[in-house]
Amino acid sequence: MRPSKRISQRIALQRIHNLFQLADTVVKQDQDQARRYLQLAKRISEKSNVSIPSDLKRQYCRSCYSLLKPGTTAKITLNSEKQTKNITCCHCGRTYRFPYSSTALNERQQEPNNESQQSS
Ligand SMILES: [Zn+2]
């Protein structure tokens, strides 16, 4: 007997979270393996009709499935004119822009060790 739709969707969401965690642990040693985990997560979300949670959506590149980890696979720059945070994928070069508010920027400046590294 097949599990109900709701249960299978909950299992799929759990698997997506697990795969993102796995990708996060291996990304420094093996970026191809991390990319494979995220491709699997995407396929699970498509097959089970579950969308990837919005907090995880910002963590991977949608064209090459790289995990966007600042300092290893992604470069973050801030555009103060347009008030955007630009995240560039180091594997394929695609750039994502997210708006930031001035209050969020102030919080970032208080903890200098967070995401503001610009190494490639
Ligand atoms: Zn990419």
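User: How do the axes of H1 and H2 cross, and how close do they come?

Analyst: In this predicted model, the axes of helix H1 (residues 5-26) and helix H2 (residues 31-48) come within 8 Å and cross at roughly 170°. Angles over 145 degrees count as roughly antiparallel, so H1 is roughly antiparallel to H2.

User: Which residues in H1 and H2 meet?

Analyst: From H1, the contact has Ser-8, Gln-9, Ala-12, Arg-15, Ile-16, Leu-19, Phe-20, Leu-22, Ala-23 and Val-26. From H2, the list is Gln-33, Ala-34, Tyr-37, Leu-38, Leu-40, Ala-41, Ile-44, Ser-45 and Ser-48.

User: How do the residues of that contact divide into nonpolar, polar and charged?

Analyst: The contact of H1 with H2 has 13 nonpolar residues, five polar and one charged.

User: What does Ala-41 touch, leaving out residues up to four places away in sequence?

Analyst: Ala-41 touches Ile-16, Leu-19, Phe-20 and Ile-52.

User: Which residues of the largest nonpolar core touch the most other members?

Analyst: That core has 18 residues, and Leu-19, Ala-23, Leu-38, Ala-41, Leu-67 and Leu-68 touch the most other members. H1, H2 and S2 are the elements that give two or more residues to this core.

User: Switching to the sheet. What is the strand order?

Analyst: The order is S1-S2-S3, in an open sheet with antiparallel pairing. Strands S1 (74-79) and S3 (95-99) stand at the edges with a single partner strand each, so one side of each has no neighbour in the sheet. From one strand to the next, the twist averages 20°.

User: How many bridges pair S2 and S3?

Analyst: Five, with strand S2 (residues 84-89) and S3 antiparallel. Ile-87 has Tyr-96 in S3 as its bridge partner.

Definitions and conventions. Residues numbered from 1 in each chain as written. Predicted model: local features only at pLDDT ≥ 70, side-chain atom pairs only at ≥ 80, totals over all residues. Axes fitted to C-alpha atoms, helices over the stretch in contact; angles between N-to-C directions. Helix = DSSP H or I, 4+ residues; strand = E, 2+ residues; numbered from the N terminus. Parallel < 35°, antiparallel > 145°, perpendicular 65-115°, else oblique. Contact = placed C-beta atoms within 7 Å. Nonpolar A, V, L, I, M, F, W, Y, C, P; charged D, E, K, R; others polar. Pairing = 2+ DSSP bridges. Core = buried A, V, L, I, M, F, W, Y, C linked by C-beta atoms within 7 Å. Buried ≥ 20, exposed ≤ 12 C-beta atoms within 10 Å, placed from the backbone.
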